[in-house]
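Subject: Structure for you to look at

Hello,

Here is the structure I said I would pass on. Please open it first, then read my notes below with it on the screen.

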Amino acid sequence: MSTLLDRLLGLEHVQFGDGSDWGIRWASLPEYWVLFLVLLPAVIFGTLFVYKREARSVSRGMKTFLGLLRMALLLLLLAILFQPVLYVDTAVTKETALLVLVDDSLSMTFKDRLTDKEARKKLARVVGLGSPTGEVTEEDERKIDDMTRIELVNLALTNARLGVLDKLAKRHYTLKLFAFSSALANDPPLGRMEAKGQTTALGDAILEAMNQTKGQIILGLVVISDGRSNAGIDPNNVAQVLSERDLTIPLFTIGVGNPSEPKDIVLSRLEAPEVALAKDYVNFSFTLQSQGYEGETVPVVLKTQEGQDPPVEVAQDRIPLLGKGREQPFTLRFKPEKPGEFVCTVEVPVQDGELIRENNTLTHRLVVAPSTIKVLYIDGYPRWEYRFLKNAMLRDHSLEVQCLLQSSDTEFPQEASQGLTPLSEFPAEKRDLFKYDVILWGDVDPNGEFLPGNRTEKLFDGIVSFVEEIGGGFAMVAGSRFAPRAYRNTPLAKLLPVVLEDSDQESLELSGPRTESFHPRLTPAGREHPVMRLDADPTLSATLWEDPSGRGEGLPGFFWYYPVKRAKPGATVLATHPTAANAGGNRVLASLQPYGRGRCLFVGTDETWRFRFVRGDKYFYTFWGEAIRYLRGGRLFGSKRFEIKTDKSQYGLADRVRILARAYDADFTPIEEPVYAVSVETPSNQRQEVELKAVPKKPGHYEGSLKPLETGTYKLWIGPEGLAGEKERAFAAFAVAIPMREYEDPTLDRTTLESLAQQTDGKFLPLHDLDQLPQAVKSRGESISVITREDDLWDSPLAFLLVMLLVTAEWVLRKVSRML
C-alpha cells in the first residue's frame with residue numbers, strides 16, 4: 001500500500017530509513033502578508049460572493065457544501081502554484097582515513113651522520129636497534145651512519161617494538177600507504193621500499209593522494225620526506241588550500257635527514273681529448289667544489305684501465321680545499337706509452353663524514369693511437385708530384401709508407417719505409433687493406449694491370465668500406481690522364497667531395513695547357529683549416545698560398561688544374577681558382593668531406609711540388625703532412641673488427657643507456673646474426689650480458705639498451721673472449737650518477753616541513769621522534785554527515801487526481817441541483 005501511495009506522491013526516489021527526518025518546504029511561497037491578506041481572503045470571500053448570488057431554490061446546506069468544494073479546489077491550485085517539495089534528511093556514518101606518504105626519490109639514498117648524540121640514540125631505537133630495554137651501543141650508532149634514508153624509514157615503519165602503524169590503524173578505520181617521487185604509487189611494499197625517483201613532487205603527491213581517497217573523511221596526512229620538493233606544485237600552496245577547507249586537513253611531517261650543511265666534495269666538468277697519440281701528454285682538466293672541508297688537503301688521482309686489466313694509477317696530486325662551494329679548476333696530465341682503448345678515471349677518495357660518495361669520480365674514454373701512421377700511396381706513373389711526395393714521406397719517421405707505382409715493371413722493387421716489405425700488388429683483401437690509416441690515390445688507370453684478375457669493382461668496394469666503416473682516410477690527387485674523370489661511374493666517386501662535369505670533353509678542354517701560372521684563393525674555411533695552414537701565422541699562411549701582391553711573396557703558382565663542376569653538399573671547400581668559374585662559383589681546387597666514419601680529400605692539381613722551389617720540402621711537406629694527419633683522424637677512434645659505444649658518457653640513475661656496436665668477422669665481412677651479445681661489468685663488479693639486435697639494412701651494426709640500477713662506472717666490451725681475442729675486443733665505459741636535481745641540496749628542509757605542518761594545524765617531527773606520531777594525530781572516530789534528498793509534490797499524480805476529483809464533484813452537484 002505504501003508503494004502505491006509513494007507512486008501517487010511521486011516519491012520513488014526518496015527513501016525513509018531509521019532516524020530519517022522529513023518535512024515539506026515551499027519553493028515559490030509568496031510573502032506571508034500576500035498570502036494571508038490577499039490570496040486567502042480572495043479565495044474565501046470570492047467563493048462566498050459567487051454562491052450567495054446563486055438561485056434561491058437551492059438549499060443553504062447545498063450552497064455551503066459547494067462553496068467548501070470550490071474553496072478546496074482553489075486552495076489546492078494555490079498550493080500547487082507554491083510548489084511544495086518533500087525533503088528527507090538521512091544521517092550517514094563515514095569512515096575516517098589517515099594517509100601516509102613516503103618519499104622514495106633518489107635523495108633518500110643519501111647516508112646522513114647526525115651530530116646530536118641524543119638524536120643518534122633515539123634514531124637507533126626508532127629503527128629497532130639496541131636492547132629491548134632501550135640501551136644503544138656505539139656499534140648501533142655506527143650502523144645507522146651506514147644506512148640510507150630509505151633504509152631507516154623501512155626499518156622504522158616495520159619496527160615491531162615501536163608499532164607506529166599498528167597504533168595508528170587501531171585509532172582510525174583506514175590507514176593508506178603511498179610512495180611518491182615524480183609520481184604517486186599505491187601500496188608500496190612495506191619495509192622493502194626503494195628510492196629510485198629522479199625528482200620529488202611533494203605538492204602533486206598530496207593532491208593525488210586526496211583525489212584517490214574521495215568518499216572518505218581524510219583525518220590527516222603523514223608525509224615522511226627530506227622536504228626537498230624540486231618538481232610540480234609548490235607544497236606550500238597545497239597546504240594553504242588544505243587550511244582553507246571547511247574542515248582543515250592537518251599535515252604531519254616527518255623529517256628524514258640532517259638539517260646541518262653536509263660535508264661533500266664534488267668533481268665536475270671533465271675536459272679531455274677523445275683521441276691521443278702514444279707518447280704524447282694528455283691533459284685532464286676538471287673542476288672541484290667542496291663543503292665542510294675548508295683548509296684540508298685531499299689527494300686527486302688519475303687512473304687508467306685497459307679492457308679487463310686492473311686500473312693503474314698514472315698521475316696524482318694534492319689539492320688544498322677552499323670549501324664553501326667555491327670552484328677550483330685543476331688539471332692532471334699523463335703520457336700514455338702504448339696504443340689502446342682506456343677507461344680513465346679522475347677521483348678523490350671518499351673523505352670521513354662525506355654525505356654523497358658518487359660525485360667523487362669522473363670517467364672518460366680515451367683512445368690512444370699509435371704514434372706512426374700507415375700510408376698506402378698508389379700512382380699511375382712517376383710524375384713529379386709522386387716523386388717528391390714519395391721521397392718526403394719515406395724520410396718521415398712518423399709514417400710507415402708503402403708505395404705502388406702502376407706503370408713499373410713487375411721486376412721493379414716497389415718502395416717502402418725501412419723495415420717494411422715492398423708491395424707486389426694492391427692489397428685486395430679487406431684484412432690487408434684495413435691495416436692502413438690513409439690511402440693516397442694518384443693518377444691511376446682504373447683498368448690497369450695492378451690487381452690480380454683485374455677485379456677493380458671489388459677493390460673499389462673495399463676502399464669505400466675502408467673509409468665508411470673503418471674510418472680510414474682517402475685522398476685523390478688529380479692528374480691529366482685518369483683522375484678523377486675515369487672514376488665518374490665507379491664506387492670511388494662516392495668518396496670524392498666534388499661533382500664532376502657531365503662529359504670528359506668539357507673537362508679536357510678546360511684543363512688544357514696553360515702558359516701563365518695562377519695562385520689559389522683560400523675560402524674562409526680554408527684559412528682556418530689545419531690542412532691549409534702552411535705557417536703558424538694565419539696571415540703569412542694565406543700570403544704563401546695566394547701571393548696577393550703578385551710580387552713573389554707567395555709560393556710558386558700552378559699551371560694545371562682539373563676543373564670539377566662543384567663541391568658536393570656538406571663538403572668543405574678549402575681553395576678555389578682565382579678566376580675560372582661556372583654557375584656554381586669559382587672552380588674548386590681543394591675540398592674535403594666526411595664519409596661514414598672516415599675523411600676524404602680532393603686536390604685538383606698535381607703541382608704542389610712547385611712549392612719546393614728554393615724552399616725545399618718546408619711548405620710542400622707541411623701541406624701534405626697536415627693532410628695525412630687530418631685524414632687519419634677518423635681512424636683514431638679504433639680500427640678493430642669490433643666497436644662499441646654509448647650515446648652519452650654520463651647518465652642519471654634509472655636512465656636508459658643506448659648501446660651501439662659494430663662487428664666484423666676475421667675477413668672484415670659484416671656479421672649478420674640477428675642478435676649479438678655484449679658484456680657488461682657493473683660498479684659492484686657483477687658481470688652480465690646484454691643482447692643487441694641487428695640494425696635493419698646496416699649489416700654488422702647492432703643496437704640495444706641497458707637500464708642501470710646502481711651508481712658508478714659501467715664497463716662494456718665486445719669481441720672474442722680469452723687471451724687470443726684480447727687485441728680484437730673493443731671497450732667502452734659510462735658513468736651513472738644521481739640526477740642533479742636530487743643532488744642540488746641534500747640537507748633536510750626542516751623549514752618547509754615545519755611550515756606545512758603549521759599552516760594546517762599539524763605537527764613536525766624528526767624521524768628519531770617518530771614514536772610521538774600516534775599521540776600527535778587526534779582520532780575523530782566515525783564521522784556523521786547528513787544526506788538530503790528531495791522530490792516535488794506539486795507535480796505528483798495525486799495532486800492531479802485531487803484537482804480532477806474536486807472539479808468533477810462540484811460539477812456533478814451543480815448539475816443535480818439545477819445550477820447549470
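E341 and R365 form a salt bridge, with 3.5 Å between the closest N and O atoms. This pair links distant parts of the chain: E341 belongs to strand β14 (residues 340-347) and R365 to strand β15 (residues 361-369), 24 residues apart. E341 is buried, at 8% relative accessible area, whereas R365 is partly exposed, at 24%. Keep in mind that this is a predicted model. As background, side chains of opposite charge can pair when their charged atoms come close.

The structure holds 34 salt bridges, and I will mention a few others. D379 pairs with R383, the closest N and O atoms lying 3.0 Å apart, and both D379 and R383 are buried. In the salt bridge of E681 with K715, the closest N and O atoms are 4.0 Å apart. E681 is in strand β29 (residues 675-681) and K715 in strand β32 (residues 712-718), so this pair ties together parts that are 34 residues apart in sequence. E681 counts as buried because its relative accessibility is 10%, under the 20% limit. K715 is buried as well, with 16%. There is also a network of salt bridges that links K117, R120, E141 and D145.

Next, the sheets. An open sheet of eight strands runs in the order β17-β16-β18-β19-β25-β24-β23-β21, and its pairing is mixed. At the edges are β17 (399-405) and β21 (521-522); each has a single partner strand, so one side of each has no neighbour in the sheet. Strands β19 (residues 473-477) and β25 (residues 598-603) run parallel and are joined by five bridges. There, F474 has C600 of β25 as its bridge partner. Helix α16 (residues 617-631) packs on this sheet and touches β16, β17, β18, β19, β24 and β25; its direction makes about 150° with that of β25. Helix α12 (residues 456-468) lies across β18, β19, β24 and β25, at about 135° to β18.

Another open sheet has six strands in the order β5-β4-β3-β6-β7-β34, again with mixed pairing. Its edge strands are β5 (184-186) and β34 (763-766), each with a single partner strand, so one side of each is left without a neighbour in the sheet. On average, neighbouring strands here are turned by 25° against each other, direction ignored. Seven bridges join the parallel strands β3 (residues 96-103) and β4 (residues 174-180), and L99 stands opposite K176 in β4. Helix α8 (residues 202-211) packs on the sheet, touching β3, β4, β5, β6 and β7. Helix α18 (residues 750-759) also packs on the sheet, touching β6, β7 and β34.

Is V153 buried or exposed? V153, in helix α6 (residues 149-157), is buried, with a relative accessible area of 2%. Leaving aside residues up to four places away in sequence, V153 touches V102, M108, I224, V256 and L767.

Last, the surface. A nonpolar patch is formed by W22, I24, W26, L29, Y32, W33, F36, L37 and V38, with about 1000 Å² of accessible area together. Helix α2 (32-52) and strand β1 (21-26) each supply at least two of its residues, and α2 gives the largest share, five residues. L29 sits in the loop between β1 and α2 and is partly exposed, at 30% relative accessibility.

Regards

Key:
Residues are numbered from 1 along each chain as its sequence is written. This is a predicted model: local features need pLDDT of at least 70, side-chain atom pairs count only at pLDDT 80 or more; totals for chains, interfaces and linings use all residues. Side-chain values use heavy atoms; hydrogens and water are left out. Two strands pair if DSSP finds at least two bridges between them. Helices (H or I, at least four residues) and strands (E, at least two) are DSSP runs, numbered from the N terminus. Contact means heavy atoms within 4.5 Å. Axes are lines fitted to C-alpha atoms, for helices over the stretch in contact, and angles run from 0 to 180 degrees between N-to-C directions. Patches are made of residues with over 30% relative accessible area and no salt bridge: like charges are joined within 9 Å, nonpolar side chains (Val, Leu, Ile, Met, Phe, Trp, Tyr) within 5 Å. Accessible areas come from the Shrake-Rupley method with a 1.4 Å probe; for residues, only the protein chains shown count as cover. A salt bridge is a side-chain nitrogen of Lys or Arg within 4 Å of a carboxyl oxygen of Asp or Glu. Buried means under 20% relative accessible area, exposed over 50%, partly exposed in between (1.4 Å probe, protein chains only).
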